[in-house]
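Please open the model in your viewer, keep the sequence beside it, and follow the stops below in order, selecting each residue as it is named.

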Amino acid sequence: MSFSHVNLAISLLLSWVFIASAADVGYGSKPNIEKPELDKDKLLTSLIGIQGLVYCKTGTKHFPLEGAVARITCICVDEYGYETSPMSFLSGATDLKGYFFAALSPYEVQGNWKVKECKAFLELSPLQTCEVPTDINQGISGAPLASYGFLDEKNMKLFTVGPFFYTSGPKSTSNRY
């Protein structure tokens, strides 16, 4: 047997050993990972609306803050049941009474994702004299969308959060670079 034939035979033998051992550990196939258990009742599959009020609080008084904006951040699950990275969208600016509204359609969510849970946050105040967000009713940490009313005519689950408050207090210091 020539040297090249020996090399070819060894290469084929090693390839066969590698393929056989790889097949034993599942190499090249999808991992056998169980899908997470999903509570289908908790997925938001219809149009959702989020409403709330935003106020400016100075001392013991407060007044509606026109032009403020809330941010809604949602966690979704993909078609396999795994959580995705958060997605956010903004409400419209508050009206004269400090009222805001935001809506999310399931058709606006990427691919086959389903909305699992959402939280509402203070995002923007139009007043420089009242622009420091407070965590009253979880305006900073995020107010979870918990209970809702159903609007039949719009086929919408309507969640209410807040009221949220901005103040003119000192800005918190940050450890950012």
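Begin by selecting A102, which is found in strand β5; strands here are DSSP runs of E with at least two residues, helices are runs of H or I with at least four residues, and both are numbered from the N terminus. This is a predicted model, in which local features need pLDDT of at least 70 and side-chain atom pairs count only at pLDDT 80 or more, while totals for chains, interfaces and linings use all residues. Residues are numbered from 1 along each chain as its sequence is written, and side-chain values use heavy atoms, with hydrogens and water left out.

Is A102 buried or exposed? With a relative accessibility of 3%, A102 counts as buried, where buried means under 20% relative accessible area, exposed means over 50%, and partly exposed lies in between, using a 1.4 Å probe and protein chains only. If neighbours within four places in sequence are left aside, A102 is in contact with I48, G49, I50, I72, F89, L90 and S91, contact meaning heavy atoms within 4.5 Å.

**The whole chain**

Zoom out and colour the model by secondary structure, which comes to 1 helix and 10 strands. Read from the N terminus, the elements run α-β-β-β-β-β-β-β-β-β-β. Of the 177 residues in the protein, 32% are buried. Among contacts between residues at least 6 apart in sequence, 70% join residues at least 24 apart.

**The nonpolar core**

Next, select I50, V54, I72, C74, F89, V161 and F164, the residues with the most contacts inside the largest nonpolar core, which has 27 residues. A nonpolar core is a set of buried Ala, Val, Leu, Ile, Met, Phe, Trp, Tyr and Cys residues joined through side-chain atoms within 4.5 Å. The elements that give two or more residues to this core are β1, β3, β4 (87-90), β5 (99-104), β6 and β10 (156-167). In soluble globular proteins, nonpolar side chains tend to be buried together.

**The cysteines**

How many disulfides does a search of the whole structure find? The search finds 2 disulfides, a disulfide being a pair of cysteine sulfur atoms within 2.5 Å.

Not counting residues up to four places away in sequence, C74 touches P86, M87, F89, L104, V115, E117 and C118.

Move on to C56 and C130, which form a disulfide with their sulfur atoms 2.0 Å apart. This pair, too, links distant parts of the chain: C56 is in strand β1 (residues 47-58), and C130 is in the loop between β6 (114-124) and β7 (132-133), 74 residues away. The torsion about the S-S bond of C56 and C130 is about 115°, so this disulfide is right-handed. C56 and C130 are both buried. When bonded cysteines are counted along the chain, the disulfides follow the pattern 1-4, 2-3.

**The aromatic rings**

For the last stop, show the aromatic side chains, which give 3 aromatic pairs if rings of Phe, Tyr and Trp (its six-membered ring) pair when their centres lie within 6.5 Å, with planes under 30 degrees apart counted as stacked, over 60 as edge-to-face and the rest as tilted. Select F100 and F164, whose ring centres are 6.4 Å apart and whose planes are at 10°, so the pair is stacked. F100 lies in strand β5 and F164 in strand β10, so the pair ties together parts that are 64 residues apart in sequence. Both F100 and F164 are buried.

Then select Y148 and F159, which form a tilted pair, 5.2 Å centre to centre with 55° between the planes. Y148 counts as partly exposed at 42% relative accessibility, whereas F159 counts as buried at 2%.
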